[in-house]
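Biologist: Could you take me through the helices near the end of this chain, in plain words? I'd like a close look at that part.

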Amino acid sequence: MKAKLVMLITALFCQSVATASELILENFTVVSGHLTEQQENTQIRIVDGAITEVTTEPMQPLTAHAKLINGQGKFLTPGIMDSHVHVGSIPGIGFLDSPNAVKHAAVVEEYLRQLPRSLLYFGITEVLNLGGSDGEKHFTAAREHPDYYTCQPIPVIGGYPHLSAGYTLRHARYFIIEDPTQLSLPEYIDPALHTPEAVVAAIAKTGARCIKIYIEDGFGAASDWPLLSSTSLQRIRQAADKADLQVWAHANALDMYHIALNHHVDGIAHGLWNWQWKTNPDNPPVTDTLEQLIASDTAYMPTIQVMLSLQGMYDKDTLADPRREKVLPAALLKWYSTYEGQWFKREISKDFGDLPDAKVHELSGYGVGRAKQAAAYLASKGHPLLVASDYPSSPSFAAAPGLSTFYEMQQLADAGISAEQIFAAATINGPRQFGLDKQYGTVEPGKIANLLILTQNPQQSVANWESIETVILRGKPIQRSALAVPLP
Ligand SMILES: [Zn+2]
């Protein structure tokens, strides 16, 4: 009996080794956050999508059909995690269910097919969707897509982001009813299911990594949008602790940052760029708030792209960047230059009192500049940053999948942050922050083989992220060029 069992186990083992897919990367220079310096002449064994061995010794294949890739003169890094994306809205168009998206259904379809590939094209192998489940079905149905995680939003009824109580009640899944007597609730909504505790418990069941709350009382001319009460925020925090969920806050202004920090959020999903410089000269220095963030170990997403993609609509070079053709369908790119395709720009111009383009460009540049200053301050203090593009943060046509993440890293570099710090922000900091560092973030045994082959070292210059040759997704090598928008 025993002998039979041993034979059976041996047979199964041999069979599983024989059918395992094995990839050996030979002679690579490994660049990884867990190493103090690059490691040359390294062999990496990948079996069934996971790294099983990393060594500077020679490596023999375990299977007859092992695939080999020679890395002479090439670099191997972990893939990039973009910790703030939205997969349910389209640059220049808007949300998937918007009239614009319905009207342009064919190009939207093409966009959705290309989106995961475009992110991979720029080396992004993991994403966190801060828009909850929006767009998830399309994204995860793709044959090849970055590994996908979510953060579930709790919109404020009558406040940000929908600004319409009716819309939130009809369309949102998770919201908190603070005072049922103040709302005309449809009958099917049970207020008992919308207490902070009930909502957090419901989110915990979805497998989301985090909860996103909104601390936003307005931008542009508005400053009177309702916020959740301090009691609700405290109850969310307590319930999230019990459920082992992180709480992330949408906030970008000083006063909103204070609310977020005073309620002990785990992270703030936007950079601090609204310093209320005009309205309140008596504010303490912005660095006081950033010091509070550092002292409380609160994570930070600079999301400079939010501001840059607004400013980008007023920059004639934006649509001329040839890299856009690699990541966006030609028909969509063409449409951006039409009168109809520029609708969001006209909307923003209206907010700026229809000032000339050059003036709006200059004014929106303040936000870009401040976002960069805040990120550089934190980096100078050694506070870990996250690469988080917030792609696409608005219906701006200046955003582009993958390219926006690359732009974000360029902006961080332009702010004076070192390529090494940006490398950590792109690879290891995200997985560490979201409890995913057993799976991702470094080139080490036990990790999922989401890796990049490059001809230049990105730890030396952010521009070198453009030298990606091959994206390895769960052990499967894909030529970068094969991920671009197909030629007509
Ligand atoms: Zn966002």
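**A close look at the helices**

Modeller: Let's start with α8 and α9, whose crossing is left-handed (the near helix is turned anticlockwise from the far one by less than a right angle; clockwise would be right-handed). Helices here are DSSP runs of H or I with at least four residues, strands are runs of E with at least two, and both are numbered from the N terminus. Keep in mind that this is a predicted model: local features need pLDDT of at least 70, side-chain atom pairs count only at 80 or more, and totals for chains, interfaces and linings use all residues. Residue numbers start from 1 along each chain as its sequence is written.

Helix α8 (residues 254–262) packs against α9 (residues 286–295) at about 25 degrees, with the axes 11 Å apart. That makes the two roughly parallel, a label for angles under 35 degrees. On α8 the contact involves Leu-254, Tyr-257, His-258 and Leu-261, and on α9 Val-286, Thr-289, Gln-292 and Leu-293 (contact: C-beta atoms, placed from the backbone, within 7 Å).

How values were computed:
Axes fitted to C-alpha atoms, helices over the stretch in contact; angles between N-to-C directions. Parallel < 35°, antiparallel > 145°, perpendicular 65-115°, else oblique. Contact = placed C-beta atoms within 7 Å.
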